[in-house]
Amino acid sequence: MPSIKDIMQTMEYGPAPESNAEVKAWLSARSAGIGHFIDGRFTSANGDLIDVVNPATEDVIGRVAKGTADDVDAAVAAARAAFPEWSALPGHERAKYLYAIARHIQKRERFFSVLETMDNGKTIRETRDIDIPLVARHFYHHAGWAELVADAFPQHRPVGVCGQIIPWNFPLLMLAWKVAPALAAGNTVVLKPADLTPMTAHAFAELLVEIGLPAGVVNIVQGDGETGAAIAGHPDVDKVAFTGSTDVGRIIRRQIAGSGKKLSLELGGKSPFIVLEDADLDAAVEGVVDAIWFNQGEVCCAGSRLLVQEGVAPRFFDKLKARMATLRVGDPLDKTMDMGAVVSMKQLSRIKTLLKAGEEEGATLNLAPVALPEKGAFCTPGFFTDSHPANSVSQVEIFGPVATTLTFRTLDEAVALANDTRYGLAASLWSENVNRAIELAARVKAGVVWINATNMFDAAAPFGGYRESGYGREGGRAGMLEYLTTGWDKQGKVRAASAAPIDVAPATGKADRTAIDVTAKLYIGGKQARPDGGQSYTVYGKGGAAIGEAGLANRKDVRNAVEAANKATAWGGVTAHNRAQVLYFLAENLEQRRDEFVAALAATGAVAKPEEEFEAAIRRCFWYAAQADKFDGAVTATKSQHVTMTVNEPFGTIGVVAPDEAPLLALLSLILPAITMGNRVVAIASQAHPLIAARLYQVFETSDIPAGVVNLLTGERDALAKTLAEHDDVAALWYCGSEDGSRMVEVASAGNLKPIWSDLGRLRDWLDPRFGQGQEYLRRASQVKTIWLPYGE
Ligand code: NDP
């Protein structure tokens, strides 16, 4: 007779299907086609309809309209019309609506879970236990922000009409991530779901009718990429929020360049999953299950590159193979399945093409010995071994259930491999040594780091990427700021289009040589440098007199300056206290040259109140010195037994382009916040009044600012700005120049997707601390890293 142990080992799972009868009835009642939700009403589904397919069965489960430019117009008009009243509601009133949405999602949790599973192919286990509960959590959390927004974000107001474009991998969850903060802040919304997964967004619209959300506050336009492009490009949309592929992120960046629209991009990733030899290997193996096989690997932050320390790698891979053999792949409505179908047959073939390329490059594909259903977009889970860092599968986002693997010997090697990617969305680190894990967390370039955990999300924990994974954060305080504005960038008058002329010929007849000649050189890597092209240009002052020459920097000088800045990495590791001391010392040294600076400002002929400008410059040094050790992170309340830390990290090298007005104060107002947060700077001084820069670098030289931390160039503003915008090693760029220049730098930055702040070519009153200094500058100078650290057994 077989023992109980034998029976347990041979026992098969029985089928445990979740009923989908109600959802089928709901779909059948809408079989004529699903239209849009505009101004509180559902439109009928006219024109070209898009088939919606359940990828697990390949059955068409419905059809949706493809939104046209006219539909987008109507939706934006409805959102615009609803905005004044919605944004003027007391936060408490908006909170009630958000709370009602959360409650109703909870009451319809099973319905939404089944519908999501049928639409997307992901398992009911995940929709029921992860997606839909997180949707409810997001609306609860943001009901709180609606209540608090006025107190928590003084001087801020909602941005206006938000165009939101979401992908198919977490359809309702991505909707919640977009809609909840937008509404909490007082914005109105036009949202487009992915055409592969439009159903839960439609059901959500029905829920909005049920709770009585005012018409026009949320509008949902169904459709494909063209519809998305019409929303992003619509002139009356004030903010675009996009989640999806990096390629489309770039298209949107270029499309809306110069429009002044606020933009947040949550793009792709190739996130490292690092296993140190002191890790709990069994826990790490379970981590891989959640990192790359969760949601069929269709997760932007999937741990898709397994980096394993050499000493434990063979053992770890054996354990992984054994665990992989127990995975169950099949009917996503069956509660016992670990993996369902990928989103479409097209996505399946895309994944297979990438896997084939990996094998052709010499990597070994280890697949789980699991039987797949005969029909449907099912993909065998697996992982590559013998892959190399340069293999396409190690670099490209597969967006399927297959990871690559690499081994490393030392912590430094692990960091180098982890950061060897153009992305920077997430990282998962496994070590039982907390010191080592935290050191690694600090050195990995990623917006989210999970220690001994993976793929954890919470509405209070900011989520978003570094580098080509995009910019902006979703969740928590940082996420709210994406939907708020001070409006100051758009207040000033438009600056005159052209900066001063670049005149390299001898200035005859206009020279005012009453004082000793001033020739501003460039300042690169802590040294004064002659411009590479060997040219200087004439600087004109009061009454149009020639008052000196400034170096005419070119592309090569920009490259040299960026190289020098990138070597000065130690500045980011200096304590905030030390950075503050340097800034105080800078103020002290500046003060000693007060008369000289005031005279130089007066000589430009462009500064109405030189004394005042100088005084404000001193105060600005003090203000940022004060902030250096106070603009810090937080510990957020997410899950129990987790310390979730948000840290404000420097970007690295920031490009700064100063305007012509306030040639000392504006330049310093841009440099100071950047270096306060630990960044290095390559700054282009005022084109018209560059001689101030020459005096300023003499002060930097004597103020303990390490070589390379501040580099100063003079020359043709927009030509240098373009080189900075295109440079891959410049992590962010701030531009104060013309309207055309603002557009130009945004277009030029699309290649490497660096965050740009431009003043839209508008003058600002640099003397007024509201516009010339503040936490807004410090926020722009830092990126939020969220580190999840569990505790307890
Ligand atoms: P896309 O980036 O094309 O789609 C994301 C959303 O953008 C969808 O709603 C899509 O519409 C819409 N869209 C497409 N083109 C435009 C455009 N020009 N302007 C505005 N909106 C547009 O992702 P795919 O679906 O094509 O997936 C391709 C790959 O992208 C995946 O294999 C994966 O690597 C990556 N990806 C990453 C995601 C992430 O979360 N980071 C999510 C999804 C995909 P529609 O789909 O209806 O055509």
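Buried residues are those with under 20% relative accessible area, exposed ones those with over 50%, and partly exposed ones lie in between (1.4 Å probe, protein chains only). The model is predicted, so local features need pLDDT of at least 70 and side-chain atom pairs count only at pLDDT 80 or more, while totals for chains, interfaces and linings use all residues. Residues are numbered from 1 along each chain as its sequence is written, and side-chain values use heavy atoms, with hydrogens and water left out.

With a disulfide taken as a pair of cysteine sulfur atoms within 2.5 Å, the count is zero. The cysteine sulfur nearest to that of Cys300 belongs to Cys301, 4.5 Å away, and Cys300 is in no disulfide. Cys301 is likewise in no disulfide. Cys301 is buried at a relative accessible area of 1%; for Cys300, also buried, the value is 12%.

A nonpolar core is a set of buried Ala, Val, Leu, Ile, Met, Phe, Trp, Tyr and Cys residues joined through side-chain atoms within 4.5 Å. The largest comprises 125 residues, of which Ile105, Phe139, Trp293 and Phe316 touch the most other members. A second, separate core of 67 residues includes Leu552 and Ile654. Leaving aside residues up to four places away in sequence, the contacts of Trp293 include Leu320, Met324, Asp338 and Phe383 (contact: heavy atoms within 4.5 Å).

Strands are DSSP runs of E of at least two residues, numbered from the N terminus, and two strands pair if DSSP finds at least two bridges between them. An open sheet of three strands has the order 20-24-23 and mixed pairing. Strand 20 (519-520) and strand 23 (536-540) are at the edges, each with a single partner strand, so one side of each lacks a neighbour in the sheet. Five antiparallel bridges join strand 23 to strand 24 (residues 546-551).

Notes:
Helix = DSSP H or I, 4+ residues; strand = E, 2+ residues; numbered from the N terminus.
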